[in-house]
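Me: I have a model open and would like to go through a few of its contacts with you. Could we take them one topic at a time?

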Amino acid sequence: MEAVAASPLLPPRTKVLLLPLLLLVASLAPHASSADGVRYDYKAYTECKGHPEPALYNGGILRWAKKIKDFRTADEGNYSPSFVLYNMSAATIYSFSCWVKFNGPATVHVKAKILSLDKGESQCLGTALVRNDCWSFLKGGFTLSSASQTSVLYFQTASPNASMVSIRSASLQPFSPEQWSQHREDRIELIWKRFVNVHVSDSSGGRVVGAKIAVHQMSRDFPFGSAISKTILGNKPYQEWFRKRFNAAVFENELKWYATEPSPGKEDYALADQLLQFVQSTDAVARGHNIFWEDPKYTPWWVKNLTGADQLRAAVAGRIESLLSRYKGDFVHWDVSNEMLHFDFYESRLGRNATAEFFRTAKRADPLATLFLNDFNVVEVCDDVSSSADSYVSRLRQLADAGVTFEGIGLEGHFGKPNIPYVRAVLDKLGTLRLPVWLTEIDISSALDRSTQAAYLEDVLREGFAHPSVDGIMLWTAMDANASCYQMCLTDGSFVNLPAGDVVDRLLGEWQTKEVLGATNDRGSFNFSAFLGEYKLSVSYLNSSAEGTFSLARSDDTKHITIRLSP
C-alpha cells in the first residue's frame with residue numbers, strides 16, 4: 001500500500017477526470033511499512049483543543065504525506081484536504097484519525113470519506129462536530145468491499161459556508177484481520193478475566209502438595225441478555241431456553257407508555273408485572289425501557305391530543321411517578337429519553353430543559369437506578385450526523401449544564417453491514433466520558449440472509465465484549481406469537497437454533513470458565529485465570545476436604561484464596 005498527499009486539483013466535472021491527475025503522483029509514494037506488531041490505540045478525545053495532539057501511530061501510512069492540499073469534492077462542492085492511497089486491500093482493516101478545524105460558521109459536522117476511483121464509490125469512515133476556534137478529534141475507520149488501486153481520502157462538510165477545512169496529525173493505520181482479532185482477545189483477557197491463586201495448607205499451616213482443586217463458575221459478571229415480550233409468559237420451552245443463556249433482560253414494548261396507559265388514567269401494568277416476575281425468578285437483571293420516547297409515532301394518542309404545555313407537563317409528571325413508584329428498585333437501568341437525538345416531541349412542547357427535568361424527577365423517584373439516554377445510528381452508520389458520537393456527547397453536556405448528573409449511554413445497534421473499525425472508534429470516543437456504555441438493542445437487518453446475519457452479529461458482539469468501555473450487551477431478539485422477531489431471531493418456533501443462535505451459544509461458551517481442575521504444586525498453590533463472576537471451589541486431599549465460594553470482580557490484582565484443611 002502507498003500514500004501521498006493530493007496535489008491541488010481543479011474542480012472536476014466528473015470523478016473519472018480525477019484519475020489521470022492522481023496517477024501522476026503514484027511514483028512519488030513510498031511503500032508503507034509493515035503493520036506487524038502494531039497494537040491498536042484506543043486513545044480518543046471529545047474536548048476541543050487549542051492545539052492538535054500528535055498523530056496516532058506516528059501517522060501510519062500517511063506519515064509520508066508532507067503537504068496537504070485542497071481537493072475539490074463533487075458531492076458537496078467544497079474544497080477539502082485529501083490523501084491519495086494506492087493498492088488498498090479488501091482484506092485489511094483501516095483505522096483513521098486526525099484533528100480538524102475549519103473556517104466558517106460556529107460549528108459544523110465534518111465527515112471523512114474514502115472514494116475508490118476504480119468504481120466511483122465512496123463511504124463515510126468518520127465524523128466530528130468541528131469548531132472554528134479550536135481543534136476537534138475525528139476518529140473512524142473502514143474496510144473495502146473490494147481491492148482498490150487508487151483511492152482518495154477526503155473530507156466533506158454539511159455546510160456550504162465552511163469553505164476551508166484544516167487537517168493536522170492525520171493517521172491511517174492498517175491491520176490484518178488476524179491482528180484485529182488478536183487485539184480483541186487480548187483486551188478480553190485484560191478486562192474480563194482475572195488471575196487466581198489458591199493456596200492450600202494443613203491444620204498446622206504447612207503447605208499441601210497434590211491437593212485436588214475443582215472450580216465451577218456459577219454465574220457470569222458481564223451482563224448479556226435479550227429482549228423478551230409477553231409471548232414468553234406461560235411458554236415453558238421459551239422460558240427454559242432464555243434461562244439457560246441470559247443474565248439480563250429488557251421488555252420489548254410492555255413498559256412503554258402506549259402499553260401501560262393506552263387511555264388517559266387507565267393504567268395496565270399486568271403484562272409488565274408478569275414479565276418482571278419471570279425475570280426475577282431467573283436471577284437476571286432487568287433494564288427499564290423506556291419512560292419517554294421522543295418519536296411522536298410512538299407517543300400515546302391521547303398525549304398527542306393534549307392542549308397546552310400545562311396538561312402535557314402534568315401527564316409526564318404522572319407517568320414518571322406512576323412507573324417508578326411501582327417499580328422502585330426493580331430495574332437496574334431506565335432509558336429516560338429514547339431517541340432524543342432524532343426526535344423532540346416533548347422538548348418542542350415543554351422547552352429545551354424538559355429532558356433535564358425528566359432525569360431529575362426520575363432520580364428522585366428511583367435513586368438506585370442508572371439513568372440512560374438511548375439512541376440509534378450512533379455506532380451503526382457514519383452518515384447520520386444527528387447521532388454521531390460528538391452529537392451524543394454534545395447533548396450529554398447540555399444536560400450536565402442543566403444540572404443533570406448523567407449516568408449511562410445507550411447505543412441501540414440495529415445494524416445492516418457493520419463497519420467494525422468505525423464501531424470501535426465511536427466506542428473509543430464515548431469511553432472518554434467514563435460512563436457505563438451499553439449496547440442495548442443489538443440485531444442485524446432482516447434484509448440479509450441468516451448466515452450473513454450470523455457472521456455480522458458475531459463481529460459486533462466480539463467488538464462490544466472486547467471494548468473496555470462496554471459494560472453490557474442486550475440483543476433485540478424477542479420472539480412474537482408467530483415465531484418472528486423485529487429483525488433477527490435466534491431460534492425457530494421450536495427453539496432450535498438458527499445461525500445467529502449458534503453464534504450466541506458459541507460466544508457464551510467462550511466467555512465463561514465452566515470448570516477448572518488441577519492440583520497444588522510443590523509450594524501448595526494452584527494458579528489459573530478465569531472470567532469474572534461467582535465461583536464454587538472444592539479442595540480435597542486424602543481424607544480432608546473443603547468447599548466454599550468466591551467472587552471475581554474487576555481488578556488488576558491476583559485474587560488470593562487460602563484454604564486450611566482440617567484433619
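Me: Which residues does Ala44 touch, not counting residues up to four places away in sequence?
Reply: In this predicted model, Ala44 touches Phe137, Lys139, Asp428, Lys429 and Thr432.

Me: Where is Ala44 placed?
Reply: Ala44 sits in the loop between α1 (18–23) and β2 (70–72).

Me: And how far apart are the C-alpha atoms of Ala44 and Asp428?
Reply: They are separated by 5.8 Å, although the two residues are 384 residues apart along the chain.

Me: Is Ala44 buried or exposed?
Reply: Ala44 has a relative accessibility of 12%, so it counts as buried.

Me: Lys429 came up as a contact of Ala44. Which helix contact is Lys429 part of?
Reply: Lys429 belongs to the packing of helix α10 (residues 389–401) with helix α11 (residues 420–431). On the α11 side the contact is made by Val426, Lys429 and Leu430, and on the α10 side by Ala389, Asp390, Tyr392 and Val393. By class, this contact has 5 nonpolar, no polar and 2 charged residues.

Me: What is the geometry of α10 and α11?
Reply: The angle between them is about 20 degrees, and their axes are 10 Å apart. Angles under 35 degrees count as roughly parallel, and α10 and α11 are therefore roughly parallel to each other.

Me: Left-handed or right-handed crossing?
Reply: The crossing of α10 and α11 is right-handed.

Me: Changing topic: how many aromatic pairs are there?
Reply: The count comes to 37 aromatic pairs. One of them, Phe222 with Phe465, is edge-to-face, at 4.8 Å centre to centre and with 85 degrees between the planes.

Me: Which parts does the pair of Phe222 and Phe465 tie together?
Reply: Phe222 lies in the loop between β11 (212–220) and β12 (224–228), whereas Phe465 lies in helix α12 (residues 450–466), so the pair links parts that are 243 residues apart in sequence. Phe222 counts as buried at 6% relative accessibility, and Phe465 counts as buried at 2%.

Me: What about Phe242 and Phe246?
Reply: Phe242 and Phe246 form a tilted pair, at 5.3 Å centre to centre and with 55 degrees between the planes. Both residues are buried.

Me: Which cluster do these rings belong to?
Reply: Ring pairs link Phe222, Phe465, Phe242 and Phe246 into a cluster with Trp192, Phe224, Tyr238, Trp241, Phe278, Phe495, Trp511 and Phe531.

Conventions: Residues numbered from 1 in each chain as written. Predicted model: local features only at pLDDT ≥ 70, side-chain atom pairs only at ≥ 80, totals over all residues. Heavy atoms only, no water. Axes fitted to C-alpha atoms, helices over the stretch in contact; angles between N-to-C directions. Helix = DSSP H or I, 4+ residues; strand = E, 2+ residues; numbered from the N terminus. Parallel < 35°, antiparallel > 145°, perpendicular 65-115°, else oblique. Left-handed = near helix turned anticlockwise from the far one by under 90°. Contact = heavy atoms within 4.5 Å. Nonpolar A, V, L, I, M, F, W, Y, C, P; charged D, E, K, R; others polar. Phe/Tyr/Trp six-rings, centres within 6.5 Å; stacked < 30°, edge-to-face > 60°. Buried < 20%, exposed > 50% of the residue type's maximum accessible area, 1.4 Å probe, protein only.
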